[in-house]
Amino acid sequence: MMKNILVADDHDLVRDTVAAYLGSVEEFAVVTASDLSGAEKQLHGSLPIDLVILDYHMPGMNGLEGLDRIRRRFPHIRVALMSGVATKEIANAAMERGAHGFLPKSTPAASMVNAIRFVLSGERYFPFGFADGTRNAAAAKLELSNRECETLQGLTQGLTNKQIARDLGVQEVTVKLHVKNILAKLGVQNRTQAALAAKELQLF
């Protein structure tokens with residue numbers, strides 16, 4: 001089923017580039033806005049929006065107030081924050097305030113598509129590089145290291161070893177080793193089973 005995505009960013013090049021790439025994906029239809037007011041007009045329009053991607057620094061946002069406003073006025077629509085300069089603290093605050101995803105502008109195009117699919121499927125996306133380094137109780141009990149947790153999160157998003165390696169800034173052979181350890185610790189046979197186990201255990 002076609003998913004309608006609204007990309008709101010005041011930088012023409014960024015907005016148009018992101019919109020053009022996402023628009024090339026078969027299941028996505030993309031509309032754009034250049035500020036928060038324009039985004040709200042699109043959300044009030046006749047086209048049902050499934051996901052709105054808000055630039056953190058565009059006019060009208062006032063920090064995370066714009067996120068709060070969209071979440072309050074359109075609670076049924078999934079919202080992701082996008083930024084090239086936001087700190088880990090801002091990213092964490094956005095997720096705590098109801099954002100369904102945080103997308104650094106440095107995210108590779110293919111990874112961004114996977115992240116958006118992840119969010120549209122009902123999950124929440126938070127990039128590896130912005131994790132606070134802590135593990136939940138289930139991960140600790142399984143003796144998964146922080147790096148193994150990051151690798152497992154990539155598996156739940158359907159990323160390949162190559163994509164995970166690029167996101168983590170490590171060699172692909174290192175990711176293969178992490179995956180092997182993850183399968184052993186979870187007691188599963190393959191990547192799909194590992195991803196399902198991670199969701200069942202609510203590791204993320």
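In this predicted model, the buried residues of helix α7 are Glu148, Cys149, Glu150, Thr151, Leu152, Gln153, Gly154, Leu155 and Thr156. The helix spans residues 146–156, and nine of its eleven residues are buried, so α7 is largely enclosed by the rest of the structure. Just past the end of α7 comes glycine 158, whose phi is positive, at about 80°.

A helix that packs against α7 is α10, made up of residues 191–200. In general, a pair of packed helices is described by two values, the angle between the axes and the distance between them. For α7 and α10, the angle is about 105° and the axes lie 8 Å apart. The two helices are therefore roughly perpendicular, as angles from 65 to 115 degrees fall in that class. On the α7 side, the contact is made by Leu152, Leu155 and Thr156; α10 contributes Arg191, Ala194, Ala195, Ala198 and Lys199. Sorted by class, this contact holds five nonpolar residues, one polar residue and two charged residues. An α-helix has 3.6 residues a turn, so residues three or four places apart point the same way.

Attention now turns to another helix, α5, which covers residues 109–120 and includes asparagine 114. Asparagine 114 has a relative accessibility of 13% and therefore counts as buried, the cut-off being under 20%. Leaving aside residues up to four places away in sequence, asparagine 114 touches Gln157, Leu159 and Gln163.

Definitions and conventions. Residues are numbered from 1 along each chain as its sequence is written. This is a predicted model: local features need pLDDT of at least 70, side-chain atom pairs count only at pLDDT 80 or more; totals for chains, interfaces and linings use all residues. Side-chain values use heavy atoms; hydrogens and water are left out. Buried means under 20% relative accessible area, exposed over 50%, partly exposed in between (1.4 Å probe, protein chains only). Helices (H or I, at least four residues) and strands (E, at least two) are DSSP runs, numbered from the N terminus. Contact means heavy atoms within 4.5 Å. Axes are lines fitted to C-alpha atoms, for helices over the stretch in contact, and angles run from 0 to 180 degrees between N-to-C directions. Angles under 35 degrees count as roughly parallel, over 145 as roughly antiparallel, 65 to 115 as roughly perpendicular and the rest as oblique. Ala, Val, Leu, Ile, Met, Phe, Trp, Tyr, Cys and Pro count as nonpolar, Asp, Glu, Lys and Arg as charged, and the others, Gly among them, as polar.
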